[in-house]
Amino acid sequence: TVRSIEYRARNVVRWAAAVGVPFLYSASNLVAMADLSSSSPNRRRVRVTEQMLTTMIDALDAEAVVVASTPSVTHAWHARTKAALLVRIWGVLRTSEALALIDDFEVRRWGLQLRLLQTKVGHERIIRLPHRPGCRFDPIAALYDWFTAATLVDGFDRRGRLLPLVRLRQRNGSYVGTSHATEQRNWIDLLRAVGLE
């Protein structure tokens, strides 16, 4: 409820003041960020169910979303989109944050640990991706499949990025892209293909 959100927000602000931690937000800022009921429809979060996720993974595994310029690019597009989907879900990442991830991670007993520089606040955020052996939603297995598929695309270079976009056609001799708009189109293509738009 809004009342419980306000209560927690005030407690966060009090805690920050008590321990002397610089805090950029007021309690009302926190409440505004938490309350999505006043957001415009395109800004609201959508709860992704296991059934929805399974439907999307099925379409990506079947490579049934797009047909690219070559079979290897088609395969890489689907592998990359699956990896991006699972990394975003497990890492709780926005589209722009997933695109910003660099190919620099630490292997831990429980999975992978990545660092994300949050440019707006200048802080580094730790992203933890758990290894889920045998699970269709395992982000580590999806990343491995994506890395393998990327190496099979002639002329493709990830350029130090974890999840660079795979273009359907080459532009200036490269398949690599980082456009937020292109990524949004990728998600629209996927949702249309599975009837979830």
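Ala150 sits in helix H6; helices here are DSSP runs of H or I with at least four residues, numbered from the N terminus. The model is a predicted one, so to speak of local features a pLDDT of at least 70 is needed, side-chain atom pairs count only at pLDDT 80 or more, and totals for chains, interfaces and linings use all residues. Residues are numbered from 1 along each chain as its sequence is written, and side-chain values use heavy atoms, with hydrogens and water left out.

Setting aside neighbours within four places in sequence, Ala150 touches Phe156 and Arg158, where contact means heavy atoms within 4.5 Å. Val73 is 77 residues away from Ala150 along the chain, yet the C-alpha atoms of the two are separated by 8.2 Å.

Now for the helix pair. Two packed helices are described by the angle between their axes and the distance between the axes. Helix H4 (residues 71-91) packs against helix H6 (residues 139-151) at about 150°, with the axes 8 Å apart. The axes are lines fitted to C-alpha atoms over the stretch in contact, and angles run from 0 to 180 degrees between N-to-C directions. On the H4 side, the contact is made by His75, Ala76, Ala79, Arg80, Lys82, Ala83, Leu86, Val87 and Trp90, and on the H6 side by Pro139, Ala142, Leu143, Asp145, Trp146 and Ala149. These contact residues split into eleven nonpolar, one polar and three charged.

Arg80, one of the H4 residues in that contact, is buried at 2% relative accessible area. Leaving out neighbours within four places in sequence, Arg80 is in contact with Leu99, Trp146, Leu163, Pro164, Leu165, Val166, Glu183 and Asn186.

Two loop residues also deserve a look. Glu63 has a positive phi of about 50° without being a glycine, and it lies in the loop between helix H3 (50-61) and H4. Glu63 counts as partly exposed, at 29% relative accessibility. Val92 likewise has a positive phi of about 50° and is not a glycine; its place is the loop between H4 and helix H5 (95-100). Val92 is exposed, with a relative accessible area of 63%.

Note on methods: Nonpolar A, V, L, I, M, F, W, Y, C, P; charged D, E, K, R; others polar. Buried < 20%, exposed > 50% of the residue type's maximum accessible area, 1.4 Å probe, protein only.
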